[in-house]
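I opened my notebook to get to know a new structure.

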Amino acid sequence: MNKLEDLLNNFWNTHKSNAGVAYVYTHKLSLAWLLCVVVAVVLGVVYQGKVAMFQGIAEASETIISAPAATEIVKIHVVSGQEVQPGDTIIELNRPDLEMRLAELNRELDAIEGRSSLGTAEIDQKVAQIKADAASRSSSLRFEINRLETEYKKNKEISSKLKSLSSSKSSSDGNDAMAMQIKSLKNELALVQKSANEQIALLRGSGRLQKSAGKSEAETLRKELEALQKEKEELTVVSKDNWVVGDVNVRDGEKVSSFTPVVTLTRKSPTLVRGYINERVYQRMNLGEAVKVTTLSGTGKAVVGEVVGLSSRIVPFPTRMWKMPEMPIYGREVTIKIPEENPFLLGEMVSIAETSVKNLKKNQKNKSK
């Protein structure tokens, strides 16, 4: 420090006659502040519009296979790291409770159909009995009516021949009584037929109601049976897309509880990037914004990504991003969707920068030239 002061004093003594140097030395504090302001302005101009750069980790979307109820593992057809194609069988499961319920539903449906058939047969039997009784009674009444009508006709013929007895009231009264009896029997015959028809109609109506109720109950059971059959089919899990088997958490013959992860499937290449932006500049990111994703070294082809998620709170960065082992870094988590065709490895750290899709495509075009 003393040497620095001596050098400054020597410089001052040597150049004190210089007016410019004297002015600078006299106003050195003011000039220092002015120089700071100029530097700040220059830095602001230079770095104005510079993009925010941060790091992230390439990840892939996953799907977890589990069952909504207690399940028995019948057979596992895959191993960790295996690639599966659409249509490949992944795992076969079994649910004893599902098998029991299916058997119960089938028994109930058979019972309903049996009751419906039995009810129809009983009604048909009763209807036949009513018809037989009505026919027997009607036959007796018709026979009696025919007998009386024949006798009534003979009496009238005899009365017409005995003109001398035309004034006699006894014959007339007898014929009138017989006519009344014939009329009464005819009324009774009509009543028998009407009563039989009404009883048959009631029986048929009750049969239709019973059949309708049974049909409604059977329809409800069939819908449940159909849903359970679909659940049973889903116990044989078949891949519907291209996947890579991540974790296999069970073994053949093992029993697992409901919603226990059985097999984890992941994409072969990363499909998203989990970025972490410093909390001092986290407001620079917006949903739908385009970003440029490259390897951490900056080499290789850049990929256009889209910001699809922003955390609503400050979170700690992953440990591997800490600059010092015991000094956590905090910021905002940013989820970026990237195309499946990309050069990144699962779990690879990447560099992310703000950009516009237009500029990125222009740069890529220039590089290709």
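Before anything else, I noted what pairing means here: two strands pair if DSSP finds at least two bridges between them. I also reminded myself that this is a predicted model.

**Entry 1: strand pairs.** With that definition in hand, I looked up S7 and S9, and found them joined by 3 bridges in the antiparallel sense. Across this pair, Val-248 has Val-263 of S9 opposite it. I then turned to strand S4, residues 83–84, which pairs with S7 through 2 bridges, again antiparallel. There, Val-84 has Trp-243 of S7 as its bridge partner.

**Entry 2: a sheet.** In what order do the 4 strands of the open sheet stand? I read the order as S6-S5-S3-S8, with antiparallel pairing. Strand S6 (236–238) and strand S8 (255–256) are at the edges with a single partner strand each, so one side of each has no neighbour in the sheet. I followed S8 to its partner: S3 and S8 run antiparallel and are joined by 2 bridges. Thr-71 has Val-256 in S8 as its bridge partner.

**Entry 3: the cores.** Next I went looking for nonpolar residues that gather together. The largest nonpolar core holds 27 residues, and among those with the most contacts inside it are Ile-65, Ile-90, Val-263 and Leu-265. Strands S3 (71–76), S5 (89–94), S7 (243–248) and S9 (263–266) each supply at least two residues of this core, as do helices H4 (96–161) and H5 (169–233). Which element gives the most to this core? I found that H4 does, with 5 residues. I also noted a second, separate core of 15 residues, including Ile-277, Met-285, Ile-336 and Ile-352.

**Entry 4: Ile-90 close up.** I picked Ile-90 from the largest core and listed its contacts, leaving aside neighbours within four places in sequence. Among them are Ile-65, Ile-76, Val-78, Val-263 and Leu-265, and also His-77 and Ser-239.

**Entry 5: an arginine in a loop.** I found Arg-267 in the loop between S9 and strand S10 (272–278). Is Arg-267 buried or exposed? Its relative accessibility is 16%, and the cut-off for buried is under 20%, so Arg-267 counts as buried. Its side chain makes a polar contact with the side chain of Asp-241, at 3.3 Å. Not counting residues up to four places away in sequence, Arg-267 also touches others, including Ala-60, Ser-61, Trp-243, Glu-340 and Leu-346.

Notes
Residues are numbered from 1 along each chain as its sequence is written. This is a predicted model: local features need pLDDT of at least 70, side-chain atom pairs count only at pLDDT 80 or more; totals for chains, interfaces and linings use all residues. Side-chain values use heavy atoms; hydrogens and water are left out. A nonpolar core is a set of buried Ala, Val, Leu, Ile, Met, Phe, Trp, Tyr and Cys residues joined through side-chain atoms within 4.5 Å. Buried means under 20% relative accessible area, exposed over 50%, partly exposed in between (1.4 Å probe, protein chains only). Contact means heavy atoms within 4.5 Å. A polar contact is a pair of N or O atoms within 3.5 Å; within protein, one must be able to donate a hydrogen and the other to accept it, and residues adjacent in sequence count only if both atoms are side-chain atoms.
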